[in-house]
Amino acid sequence: MIFTRWLEEHSSSVIQVARAYTLTSEECQDLAQEILLQAWRSLPKFEGRASAATWFYRVALHTAMNWHRKDQPRRVNQKPLLEIHDPASNGTDGVDQVQQRETIEQLYSAIHQLPKTDAAIVLLYLDELSYREMADVLGISESNVGVRLIRAKKALSTLLNGESDES
């Protein structure tokens with residue numbers, strides 16, 4: 001079945017998107033399941049104008065953005081937990097693992113603070129999609145992707161370096 005094959009090929013993208021829009025591993029799993037449900041429901045509408053990867057990303061991002069907007073009031077006072085699968089932890093010593101986890105936690109914390117479209121562009125960039133693929137997923141021009149990506153990188157840099165708008 002095509003959906004099963006696509007799921008195997010693109011499950012890491014689903015988890016990456018879910019992780020960027022949630023704060024706990026439970027929420028991540030819930031959102032991932034919601035994304036897969038929406039992808040299954042949307043499959044009959046797939047017209048083949050985009051690649052399967054682009055289509056899966058589009059479904060994942062739209063589902064995550066809607067979920068995030070609807071779930072925002074409940075999550076206002078929650079703190080992030082780093083419990084998600086960390087593939088980089090295999091074969092590294094304890095100090096390296098802690099440093100990698102802290103870096104990943106800081107990155108996702110900063111991504112959570114970005115506007116939802118900027119967060120989406122950063123996720124697509126981290127997954128090494130081309131500007132054309134990002135434009136297809138987001139429904140914008142390639143030049144707009146470039147402008148938004150530069151803006152998102154600057155915002156992430158500011159957030160990760162601890163600078164604030166109040167200074």
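**Contacts along the chain.** I looked up how far apart in sequence the contacting residues lie. In this predicted model, 67% of the contacts between residues at least 6 apart in sequence join residues at least 24 apart.

**Burial.** I then checked the share of buried residues. Of the chain's 167 residues, 38% count as buried.

**Secondary structure.** I counted seven helices and zero strands in the chain. Read along the sequence, the pattern is α-α-α-α-α-α-α.

**Helix α2.** I took α2, residues 25–42, and compared its length with expectation. With 18 residues at 1.5 Å a residue, α2 should span 26 Å, and its end C-alpha atoms lie 25 Å apart, so the two values agree. Which residues of α2 are buried? I noted Ser25, Glu27, Cys28, Leu31, Ala32, Ile35, Leu36, Ala39 and Ser42.

**Helices α5 and α6.** I looked up how α5 (residues 116–126) packs with α6 (residues 131–138). The angle is about 140 degrees and the axes are 10 Å apart. Angles over 145 degrees would count as roughly antiparallel, and α5 and α6 are therefore oblique to each other. The crossing of α5 past α6 is right-handed. On the α5 side I listed Ala120, Ile121, Leu124 and Tyr125 as making the contact, and on the α6 side Met134, Val137 and Leu138. I sorted these contact residues by type: seven are nonpolar, with no polar and no charged residues.

Key: Residues are numbered from 1 along each chain as its sequence is written. This is a predicted model: local features need pLDDT of at least 70, side-chain atom pairs count only at pLDDT 80 or more; totals for chains, interfaces and linings use all residues. Side-chain values use heavy atoms; hydrogens and water are left out. Axes are lines fitted to C-alpha atoms, for helices over the stretch in contact, and angles run from 0 to 180 degrees between N-to-C directions. Helices (H or I, at least four residues) and strands (E, at least two) are DSSP runs, numbered from the N terminus. Angles under 35 degrees count as roughly parallel, over 145 as roughly antiparallel, 65 to 115 as roughly perpendicular and the rest as oblique. A crossing is left-handed if the near helix is turned anticlockwise from the far one by less than a right angle, and right-handed if clockwise. Contact means heavy atoms within 4.5 Å. Ala, Val, Leu, Ile, Met, Phe, Trp, Tyr, Cys and Pro count as nonpolar, Asp, Glu, Lys and Arg as charged, and the others, Gly among them, as polar. The expected span of a helix is 1.5 Å times one less than its number of residues. Buried means under 20% relative accessible area, exposed over 50%, partly exposed in between (1.4 Å probe, protein chains only).
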